[in-house]
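Have the viewer open as you read.

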Amino acid sequence: MTFGALVMKRVCSRIFEKRRMCAAAAAALLFASCLMIAAPALAGADDASLLVERARRAAAEDRHGEAIELYLSACALDSTLSPRLGKELGFQYMWNDRPKEAVLWFERYIELYPEDPEALLGYARALSWADRNSESLEWYRRIGRRHPGSTEARIGEARVVSWMERSGEAEALYRGILESEPENLEARLGLARVVNRQGRHRE
């Protein structure tokens, strides 16, 4: 090999080595960038889970306003939680005397889980508390058709009918429940209110 060819070979080798090192550095930089991008997302997911746990503890202790804030903070960190937490947020808004907002969260949840009886019953109750009695009554009846053994749906129907000042119908519904469940306290109280409203105090 001539001297010139040897020099050229060494020059090319150095060029290729520099390119290889640059490519490796670029790959390392890209990998580090991916980690930097992924880290906040992973941290956010972890933080969201912790917030949901704290929200559930607050809800269990009847700290509904705090539970709402924690649930919403979790949803802000992880948007995929938003519809799945709709039922829990619906109940917290309802127990916090904010039924209109409860209705919206229940609706989001029911779109995903239309057969969840607990969510459907919560939705029907929230509608009644939001002064949407006709819609609430329809939902209670719909739940009763899907789940014929649901005493809560029957009591909800009777309660809403009573609020609509259809006392005779409400009385019949409450008495029907008591025929099968004579010790049902909610039905007994509901019937007492209906009878009292009619002026039949001695009954």
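## The nonpolar core

How many residues does the largest nonpolar core have, and which of them have the most contacts inside it? The count is 49 residues, and the ones with the most contacts inside this core are Y71, L81, L85, L89, F106 and Y123. Helix α6 (residues 117–129) supplies the largest share, with 7 residues. Keep in mind that this is a predicted model.

As background, nonpolar side chains tend to be buried together in soluble globular proteins.

## How α2 and α4 pack

A pair of packed helices is described by the angle between the two axes and by the distance between them. Here, helix α2 (residues 64–77) packs with helix α4 (residues 86–95) at an angle of about 150°, and the axes are 9 Å apart. Angles over 145 degrees count as roughly antiparallel, so that is the label for α2 and α4. Their crossing is left-handed.

Who makes the contact? On the α2 side you'll find H64, A67, I68, Y71, L72 and C75, while α4 brings E88, L89, Q92, Y93 and W95. Sorted by class, the contact of α2 with α4 has 8 nonpolar, 2 polar and 1 charged residues.

## A closer look at I68

Leaving out neighbours within four places in sequence, I68 is in contact with L89, Q92, Y93, N96 and R98. I68 and R56 are 12 residues apart in sequence, with 9.6 Å between their C-alpha atoms.

## Over to Y174

Y174 sits in helix α9 (residues 167–180). Its relative accessibility is 3%, so Y174 counts as buried.

What is Y174 in contact with, leaving aside neighbours within four places in sequence? The list runs I155, A158, R159, E186, A187, G190, L191 and V194. As for V194, it is 20 residues from Y174 in sequence, and the C-alpha to C-alpha distance is 9.2 Å.

Methods
Residues numbered from 1 in each chain as written. Predicted model: local features only at pLDDT ≥ 70, side-chain atom pairs only at ≥ 80, totals over all residues. Heavy atoms only, no water. Axes fitted to C-alpha atoms, helices over the stretch in contact; angles between N-to-C directions. Helix = DSSP H or I, 4+ residues; strand = E, 2+ residues; numbered from the N terminus. Parallel < 35°, antiparallel > 145°, perpendicular 65-115°, else oblique. Left-handed = near helix turned anticlockwise from the far one by under 90°. Contact = heavy atoms within 4.5 Å. Nonpolar A, V, L, I, M, F, W, Y, C, P; charged D, E, K, R; others polar. Core = buried A, V, L, I, M, F, W, Y, C linked by side-chain atoms within 4.5 Å. Buried < 20%, exposed > 50% of the residue type's maximum accessible area, 1.4 Å probe, protein only.
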